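Colleague: I am new to reading protein models. Could you walk me through a few features, step by step?

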Amino acid sequence: MLFTSIRDGVQSDIYEFDLRAKKTSQITNTKVSEYSPMVTPDLSFISVVVVEPDSVQRIWKFRKSNKKNEVAITEAQQQLVDASLDSVGYYWWLNNDSLLFYKLTSPHSLWVTDLKSKKRVFLANQPTRSFRNSGLKKFIYGIKDNDQAQIRQYDLRTQHSVLITELNLESEDFIWHQRLGLLKSQDKKLMRFDQELKMWLELADFTSFGIKKITRFAFSPNGKWLAVVNMSKDWKMTTVLNFLLPFLFAVLFLYIIGKASFFKITGISTIWIQLFFSLKILFGIALTFVYTHLYTDPQTSDVLLYYNDGKIIAD
């Protein structure tokens, strides 16, 4: 199982959890952040969204070695999927040559692109971050509308979409399961949409496992294993500390500037020096806030293994 983790508090790398050995290993070790790891349809590469040094977000891929004790992948071993694809927030492979991608335009938009012909087709504005294959030459996606989202199914053969249902945007994560159909998360539960009854039915309740709120979930290709991302109950406290500690450090630093003689420059008031550093600190805090609250979710990854017959397999 592939996942993203920020271990040094600075940038994210890709890790792999071996279900048999119950061991986690680091896949990438770079100076840039990688997100959304996914095995390509031909099973030859791992693809990721990379936040490049100039903040451009594009899809890269790399080959994962099967050798034991292999060092983690570096930037030099990664290659662009398509250099012209930028501002990518999320993506999904439809097949070897085409993919869906969520573009960070204003407003955000959903596109499908053919990597061979470079042809791109606009699908919708204000998409949800969830979109998946839902059968042969079909995929599901969502369109946000105030506090609701339409879940639609698009047929690549007819180039038309049909409305399946709507859901509340408190959770915009949904997937298509080969056997169970349309699934969504709802707080501590997974729900299944019944096509005949036209309503959501409870599939599984993870309360007993300490799950607070499911914010991401994904099944294995064979549909038998489930990875769940749980929103930690203490994420608010962590967020407060992340901003409070830099603020206190900044106050102390500005105080030292006012007292220490080596910060004094002839002809320039100490107040102006403090103002300069204050603006730099505020700018840094603002960037951290935007990145943390607009482009990521305050959550931790708790992995549970769930089997289709309803039995929970302990991790």
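Modeller: Gladly; we will look at salt bridges and then at a sheet. Keep in mind that this is a predicted model.

Colleague: Let us start with charges. How many salt bridges does the count come to?

Modeller: The general idea first. Side chains of opposite charge can pair when their charged atoms come close. Here the count comes to 11 salt bridges. One of them is between the side chains of Asp82 and Lys118, with N to O at 3.4 Å. This pair links distant parts of the chain, 36 residues apart: Asp82 lies in the loop between strand 7 (79-80) and strand 8 (88-93), and Lys118 in the loop between strand 10 (109-114) and strand 11 (120-125).

Colleague: Is Asp82 buried or exposed? And what does Lys118 count as?

Modeller: Asp82 has a relative accessible area of 5%, and because buried means under 20%, Asp82 is buried. Lys118, at 46% relative accessibility, counts as partly exposed.

Colleague: Which residue forms a salt bridge with Asp82 at 3.7 Å?

Modeller: That is Arg120, with 3.7 Å between the closest N and O atoms. Again the pair links distant parts of the chain: Arg120 sits in strand 11 and Asp82 in the loop between strand 7 and strand 8, 38 residues apart. Arg120 counts as partly exposed, at 31% relative accessibility.

Colleague: Which residues do salt bridges with shared partners join into one network?

Modeller: They are Asp82, Lys118 and Arg120.

Colleague: Now the sheet, please. What is the order of the strands in the open sheet of 3 strands?

Modeller: In general, strands of a sheet pair through backbone hydrogen bonds, either parallel or antiparallel. In this open sheet the order is 1-2-3, and the pairing is antiparallel.

Colleague: Which strands stand at the edges?

Modeller: Strand 1 (2-5) and strand 3 (23-26) do; each has a single partner strand, so one side of each is left without a neighbour in the sheet. On average, neighbouring strands of this sheet are turned by 35° against each other, direction ignored.

Colleague: Over how many bridges do strand 1 and strand 2 pair?

Modeller: Strand 1 and strand 2 (residues 13-18) pair over 4 bridges, in the antiparallel sense. To find your way, look for Phe3: opposite this residue stands Tyr15 in strand 2.

Notes: Residues are numbered from 1 along each chain as its sequence is written. This is a predicted model: local features need pLDDT of at least 70, side-chain atom pairs count only at pLDDT 80 or more; totals for chains, interfaces and linings use all residues. Side-chain values use heavy atoms; hydrogens and water are left out. A salt bridge is a side-chain nitrogen of Lys or Arg within 4 Å of a carboxyl oxygen of Asp or Glu. Helices (H or I, at least four residues) and strands (E, at least two) are DSSP runs, numbered from the N terminus. Buried means under 20% relative accessible area, exposed over 50%, partly exposed in between (1.4 Å probe, protein chains only). Two strands pair if DSSP finds at least two bridges between them. Axes are lines fitted to C-alpha atoms, for helices over the stretch in contact, and angles run from 0 to 180 degrees between N-to-C directions.
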